[in-house]
Amino acid sequence: MARFTRYCPEYMEDAFREHGVDVSEILFAIHTDMGADGAHADTYTAVTRDALLILTGEEIVTRMDGARRIVAKFASRSFESIPMEGIKELTNDRLVATGQLCAVSDDDAARALLLYSVGFLGDADRLAQVVKNIKAGAPALRDVSVDTNRFCPKCGRRYPESGHARCPNCMDQRSITLRLMGFFKHYQRKVLVVLAVMTLGSAVSILTPQIGSRMLFDEVLTPGGSYFAMLLPFVALIFLVRAVNSGLNMLYGFVLARTVPWIVYDLKMRIFEAMQRLSVGFYTSKRTGALMNRINRDANNIYWFFVDGFPYLIVNGLTFAGVLTLMCLMSVKLAAVVMIVLPLSIVFFRILWGFFKRFHHKNFVYGAQLNSMLSDSINGQRVIKAYAREDAEAQRFSAVGGKQAGIDVKMNNAAFTAFPLIYLFMFLGQVVVTMVGGVMVVEGELSLGSFLTFIAYLQMLYGPLEFMSWVSNWWARCVDSAQRVFEIIDAKPDITEPEHPADVKGIRGDIMVKNARFEYDPATPVLKGLDLTVESGKMLGIVGKTGAGKSTLANLIARLYDVNEGEITIDGINVKEWPLTMLRDGIGIVSQDIYLFIGSIADNIRYAQPGASMEDVIRAAKAAAAHEFIMKLPDGYETRVGAGGQDLSGGEKQRLSIARTILQNPKILILDEATAAMDTETEAAIQASLAALSKNRTTIAIAHRLSTLRDADSLAVIEDGKVIETGTHRELMTKMGAYFKLYKLQMEGLKVINMDAE
């Protein structure tokens with residue numbers, strides 16, 4: 001396979017070859033979603049050493065003859081080759097909802113080459129960097145991060161997002177069903193018992209009409225029958241058969257009740273564990289309500305299908321096949337009448353399945369929105385009441401709730417209309433069978449017992465069909481839920497354990513940041529080539545305006561995110577090569593955003609060290625100046641705090657967070673506005689504790705109050721994603737640069753506050 005297919009699907013090679021391109025010379029390529037006129041199109045822009053190639057057309061997914069093969073093709077509409085020698089550089093500009101890639105010539109004239117949605121800005125940036133490298137004579141992919149696993153190996157179609165591991169175009173009911181069945185592999189013995197009991201139960205059910213109808217009327221109640229007048233034994237036999245059937249049903253229910261809940265437990269654990277493996281960036285792009293729905297509602301939808309749907313689907317399937325076989329043996333003529341009705345009923349049920357699947361997906365979307373709004377409303381009650389927005393929030397909730405109710409109304413109306421009509425059609429078939437069978441009895445072609453048995457079998461046959469009508473609805477809900485569940489399970493984290501982690505014993509604390517570039521959103525860089533060095537055991541103070549990238553730098557050092565370009569090393573080893581557990585254990589972060597879990601205060605403090613003793617917890621709380629206020633609480637260290645610790649003040653929560661980090665005892669300490677929510681007296685006490693804690697540790701302190709950083713070994717001023725000044729407090733004040741201006745502004749502000757106080 002050519003190197004080109006690392007960046008574009010394989011079928012694009014043929015599309016470029018049609019225009020005389022040697023695909024082996026292509027170094028890099030990107031896909032965007034618009035043509036030069038702004039209309040929707042699939043555009044591939046490729047780079048060679050000599051030219052920039054732009055191919056516009058449409059990707060089409062088609063099915064080939066044979067074993068359900070799905071392939072993608074590209075229909076070209078236009079092609080352009082721009083000589084590299086005529087391009088000075090490429091510029092990538094963000095517009096309102098789109099981006100634009102322009103080529104700047106040697107005379108500084110700019111020409112627009114591409115338009116694309118904002119989601120492709122990152123790819124366009126990488127393309128511009130490749131061209132820049134080529135023009136500079138450097139390796140084409142230097143400082144270019146590329147995701148090479150972006151295409152479905154089956155159809156070649158691009159995944160909708162980089163975290164996807166499964167192609168929605170290729171995912172069908174069969175694959176989903178097989179994956180769901182995979183959850184039974186640890187319960188094979190119990191499943192086999194369930195299937196065996198269900199098979200026996202179906203066999204007994206099918207035999208019941210033979211005893212209760214045909215033999216009773218033809219052999220017991222008819223003179224000359226083999227068992228004429230033996231009514232009591234036959235009644236006892238009928239009761240015995242029913243008792244055996246009930247016993248089998250009880251056994252089946254008992255085994256099923258002990259099996260399916262554990263299967264769904266495994267499913268929920270798989271979802272939850274998969275979510276724990278995902279990176280922080282995943283959660284910033286997902287709503288809380290939608291994620292909660294995937295663990296609870298979607299897993300429960302699958303649960304109820306496997307409890308009330310799948311087992312009875314097997315039972316009814318066996319019953320249906322057995323009854324149909326016996327009906328054919330009893331009377332081919334009557335069975336033929338039944339055969340006319342069955343295919344039409346099955347077609348109706350199949351149509352309804354797709355119909356209800358769309359309804360269930362819409363219902364999930366609105367349900368997730370309602371959950372998210374409910375979460376926002378609960379967590380934001382202070383803001384809502386402060387701005388008197390109760391009625392507005394109720395209206396917002398009502399609007400989405402009304403849409404969900406509308407979907408439910410349409411779905412229920414469809415169900416309560418379609419199913420009675422199908423049942424009426426099925427009953428019409430029964431009427432025809434009764435007429436034809438009655439004539440056959442009168443003419444002596446069929447005995448009365450056999451006719452009544454056939455009618456009983458017909459009732460048994462329509463029972464499974466009626467069940468199928470409802471199970472199609474359940475299955476539609478189950479498949480819709482399973483697709484979302486597997487999306488979480490298959491999602492790939494951005495931050496992964498290194499394949500070959502560095503062989504290290506522990507962290508010393510030397511930190512070096514080299515040309516770090518990072519962006520949360522494409523073409524919106526936060527760090528723009530930041531360089532920084534912190535020696536082991538030293539304290540670095542970082543200052544700068546809001547949004548300069550200070551907190552982002554702390555997240556990158558702890559590898560909550562990875563840099564887009566450049567590198568960050570600890571003790572000379574790239575953080576991407578450190579074992580994640582060792583890295584996170586060795587770095588403690590006291591953030592300005594504090595979260596306390598539901599539980600006791602002691603449990604929250606020992607979260608980083610679950611095995612810590614109570615003495616250690618108290619020692620850490622005292623060091624964080626938290627012991628005094630904790631002892632004033634009703635239950636002291638056993639006082640329970642709510643979600644997020646909303647029962648405590650901001651300063652109290654921050655002190656508990658500091659105590660948690662003190663107990664962690666990290667080699668690298670990052671203080672991100674650690675005392676922002678505290679009064680001056682408490683801040684002074686904690687600063688003394690933090691000063692003691694910082695000894696013999698590498699400390700990075702981020703603060704807006706410059707006075708708290710005067711004792712730092714060195715200071716760095718960050719502005720617009722870069723370090724613009726470094727030095728001690730005295731050195732930076734002497735330079736009279738950016739730090740001097742910030743310090744002067746704060747001192748003047750304090751003077752104004754003191755004058756107002758006087």
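In the predicted model, the buried residues of helix 2 are Leu121, Gly122, Asp123, Ala124, Leu127, Ala128, Gln129, Val130, Val131, Asn133 and Ile134. The helix is thus described as mostly covered, with 11 of its 15 residues buried. Residues 121-135 make up helix 2, which lies across strand 5, strand 6 and strand 7 and runs at about 165 degrees to strand 5. From the first C-alpha of helix 2 to its last the reach is 21 Å, close to the 21 Å expected for 15 residues at 1.5 Å a residue. Glycine 137 follows helix 2 and has a positive phi, near 75 degrees. As to the spacing of side chains along a helix, an α-helix has 3.6 residues a turn, so residues three or four places apart point the same way.

The strands that helix 2 lies across belong to an open sheet of three strands, ordered 5-6-7, with antiparallel pairing. Strand 5 (89-94) and strand 7 (110-117) are the edge strands, each pairing on one side only. On average, neighbouring strands of this sheet are turned by 25 degrees against each other, direction ignored. Seven bridges link strand 6 (residues 98-104) with strand 7 in the antiparallel sense. Within this pairing, threonine 98 has serine 117 of strand 7 as its bridge partner.

A further open sheet contains six strands in the order 13-16-17-10-18-19, and its pairing is mixed. Its edges are formed by strand 13 (587-590) and strand 19 (722-727), each of which pairs on one side only. Strand 10 (residues 539-544) and strand 18 (residues 714-719) run parallel and are joined by five bridges. Glycine 544 is placed opposite isoleucine 718 in strand 18.

Helix 12 comprises 53 residues (residues 390-442). At 1.5 Å a residue, helix 12 should span 78 Å, and because its end C-alpha atoms are 76 Å apart, the two values agree. Glycine 444 follows helix 12, and the phi of this glycine is positive, near 80 degrees.

Definitions and conventions: Residues numbered from 1 in each chain as written. Predicted model: local features only at pLDDT ≥ 70, side-chain atom pairs only at ≥ 80, totals over all residues. Heavy atoms only, no water. Helix = DSSP H or I, 4+ residues; strand = E, 2+ residues; numbered from the N terminus. Expected span 1.5 Å × (residues − 1). Pairing = 2+ DSSP bridges. Axes fitted to C-alpha atoms, helices over the stretch in contact; angles between N-to-C directions. Contact = heavy atoms within 4.5 Å. Buried < 20%, exposed > 50% of the residue type's maximum accessible area, 1.4 Å probe, protein only.
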